[in-house]
Amino acid sequence: MKPVVEKLIGSLIGLAAALAAMALAFSLLGYNPAEAFRLLGEGIVENYDIMLLRVAPLILTSLAFAVPAFAGLFNIGGEGQAYVGALAALAVSYIAPNPVLCLLVGALAGGLLGYLAGVLRVKRGVHEVVSTIMLNWIAFYTVRYIVVNYFKNPYYPDTTNPVPPPGRLGQVAGVPVVVFIAIAACILCYLVLYRMPLGLAIRSTGAGYEAARRLGIDVEKAMILSMLLGGVFGGLAGAVIVIGETYNLDVALSSVYGVGFDGIGAALLAWNNPLAIPFSSLLLSALVAGGYQLQIGMGIDIHVLSIFTGVVVFVLGLPSLYELLKPKLQALRLAKARRRGGGA
Amino acid sequence: MAASGSQPLLAVRDLVKVYPDGTVALNGVSLDFMAGEVHVLLGENGAGKTTLARIIYGEIRPTSGEVIYEGRRVLFRGPWEAIRAGIRMIYQHFSLVGGFTVADNIALYGSRLGLSRREALEAARRLAEEYGFRIPFDARVSDLPAGIQQRVEIVKALLVEPRVLILDEPTSLVSPLDVEALFRVIRGLREKGVAILYITHKLREVGVIGDRVTVMRRGRVVATLPAKKATVDQLARLMIGERRLPEEPRIAAAGAAGERGAALRVENLRVVREGFEAVRGVSLEVRPGEILGVTGVAGNGQDELVEAIVGVLPVAGGRITLLGRDVTREPTWVRYRLGLAYLPGSRKLSLVQEMNALENLALGLLGAGKLRGPFIDWGWVAKLLVKYVEELGVVMHSPYAPVKHLSGGNQQKLALARILAVEPRVLVAVDPTHGLDIATTRIVHSILAEMRSRGMAILLVSSDLDEVLQLSDRVAVMNSGRIVSIKKPHEYTLEELGRLMGGAA
Ligand SMILES: Nc1ncnc2c1ncn2[C@@H]1O[C@H](COP(=O)(O)OP(=O)(O)OP(=O)(O)O)[C@@H](O)[C@H]1O
Ligand SMILES: [Mg+2]
């Protein structure tokens, strides 16, 4: 139980730091922080529908980051996986406007992208951070190219043809259906990670690669499948935007743009715990929703709110960053000792 | 040797340590450590020996009680304060930076003692020469066998002469020759008036190296006596209290090993690691119902032989056949599915340290292909765990705490439970009893003997010569990457073994 408490405290510290940083930013920009926070709260209440729409893809890109993280991999590719997921879902909807089919194909498309990065890492030693960042760009421009050249709406040239109505998902009791799908995905993730052999293999690979493989665990498969699974959720994130939120894409892909990166923040805030991810995602999407009010009420640029995500990522990412840098720091100290010794 | 009645150099008074999870590791411990005296500390797994050492070393703080050093009450805020005050500790698990060279490690440590790189390396070379250690200063630490790593640790600890030296189970992973070298160092330091705290499970070492011996049980001191007068039986009884010590197994002269084909066959195996040919044409066979012991001075290719057999290291030449199938190029997990199990010598490799006891046991089952999906039956895993915890006497506060919090011996027991639970057909075990107390060592020996009689083929690689000679049907001696002799244990004389291991065949 104790690690959970520790992590909760960690998250609260991250939150507090982020709020303080925002207050500081508001006052530096010449706004009254108290007033700004009041407006933010007001905005969350007013725009709660925006918040609910935003939360579903955010949850899913959080999972896209979290699942490979359990295998010790950094999937920065949630963004690109969401692009291809969105495009695939859209394309399928034109041919067969069935929401389930659209979501499945979208998930599959994202999964393929994740799988590719996983295979490159395991079989070719290409670091997944490098490959997923590159794949993000490739996905972005390819999807844009296709949207602009093939899917353009003749009446509104900056958007695609809409998803035909039978292919759309709406709301149940005022809550978008895709929110339930996203929450179900979190529960599924939890079950896979903690109740199923595959999850055990994935977690052991991240927690102790060298030990796990000596225990007869197929660590390569675990790594690849974790990336595949992450990619599936990334693809699903893009699909739910198109099928359950916007019902189209614009040529700048602005409805998808950034959702992959925000997901990393939400995942870190939740310490990658799939059952905490809905809450951290809700918080971040609340900020987006509230941000609109801030813009209207005080003219504050909505991008100021990115500071929040940034600080959260920074504060909570710091311990793992330290772990990453530890050998480097030691090497530095060594170099210093070397200099003092006159280069012996 | 210290005259009795003189002031102790170091003393602890009424130490109590309760870990955050509620484990009471020390329950009122008071002890004196004299200058120029080797004080041996004995106790079962989990008795609190390492905890006591870490408190003295400033690594953890006592819940209550005090440490008195040079007549003053001290409270070190971390090992570095203890080190500056002249206290050194050599850990149960070594604390070198694996990716660095030996020279870098020494320079790094030296820099914290205020030595320049040149000074540190000069001191290290001088010490190595003084003690007759051959240390490859330019080699990477992670490539070195335990015996050599230990020498590096010793040299590191002695760069600036200490006043107190703590050694936590220094002989549990190294060969007899390395032990001799270590004892020479300890005797030299005792002459110079260093107070030495020596933690061990090997009762025979008490009389050889100790001046006084203290036995601990469940966080308390049971007795302190003169080491030379204490008998092994007496010490064993003090350690385990009222319980009976299990018998050492007697290996039936003719085991189940019939004329059936080999379960594991290695032919002309060559392994190259970092450009160095560590295994140079090894051939061996282990039949079902047979224990083949492999021994040798650390660093003669045993580690590489084992890791190639289980599929962790790639093979440069030769062939490995497991239960009739050529597995030379197969990954480890495929060999596991065929019936192999591997118990590595280091606990950092035999358990996933960050995961808990339940998960580690489940991993063992998963590796052997015995964990059925789609959902893990955690209740069943827990029942298995309880069974082995009782059978092996694991002292564990909670099955949900990461195993890294368990004492060394208890970790080893869990690693064994993992193997027992899967009933492999071929077992490759490296130092299966290192860090185990005598009672558990005997239990493990009995388990190995029983597995053998059930028809398992066991490759037992151990630096503990007694263990190898006692348990094996045949003993292979390795030197410079080759097997220089394979015979029945009683066909060797000790001198002959020493000669073979030393390389003078
Ligand atoms: N960091 C920790 N957190 C919780 N419990 C711990 C921790 N370290 C040790 N313990 C527990 O404290 C008790 C004493 O442990 P310690 O390591 O001192 O034993 P030991 O005598 O050195 O045993 P061994 O011979 O097995 O090395 C054990 O029950 C152990 O599980
Ligand atoms: Mg210990």
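Okay, let's start with ligand 1: there are 20 residues around it, and the nearest are B:Gly46, B:Thr50, B:Thr51, B:Ser407 and B:Gly409. Being around the ligand means having a heavy atom within 4 Å of it. Quick note on the ground rules: this is a predicted model, where local features need pLDDT of at least 70 and side-chain atom pairs count only at pLDDT 80 or more, while totals for chains, interfaces and linings use all residues. Residues are numbered from 1 along each chain as written, chains are lettered from A and ligands numbered from 1 in written order, and side-chain values use heavy atoms, leaving out hydrogens and water.

So, who makes up that shell? By class, 12 residues are polar, 4 nonpolar and 4 charged, with Gly counted as polar. Helix α1 of chain B gives the most, 3 residues. Domain 1 (10-240) and domain 3 (352-423) of chain B each put in at least three residues; those bounds come from an automatic or database assignment.

Now the polar contacts, meaning N or O pairs within 3.5 Å. A ligand nitrogen sits 3.3 Å from a polar backbone atom of B:His405, and a nitrogen is 3.4 Å from a side-chain N or O of B:Tyr19. B:Glu169 brings a polar side-chain atom 3.5 Å from a ligand oxygen. Alone, the ligand exposes 640 Å², and the protein buries 91% of that, by Shrake-Rupley with a 1.4 Å probe.

And confidence? Chain B averages a pLDDT of 89, with 96% of residues scoring at least 70; that score runs from 0 to 100.

Note on methods:
A polar contact is a pair of N or O atoms within 3.5 Å; within protein, one must be able to donate a hydrogen and the other to accept it, and residues adjacent in sequence count only if both atoms are side-chain atoms. Helices (H or I, at least four residues) and strands (E, at least two) are DSSP runs, numbered from the N terminus. pLDDT is the predictor's confidence in each residue, from 0 to 100.
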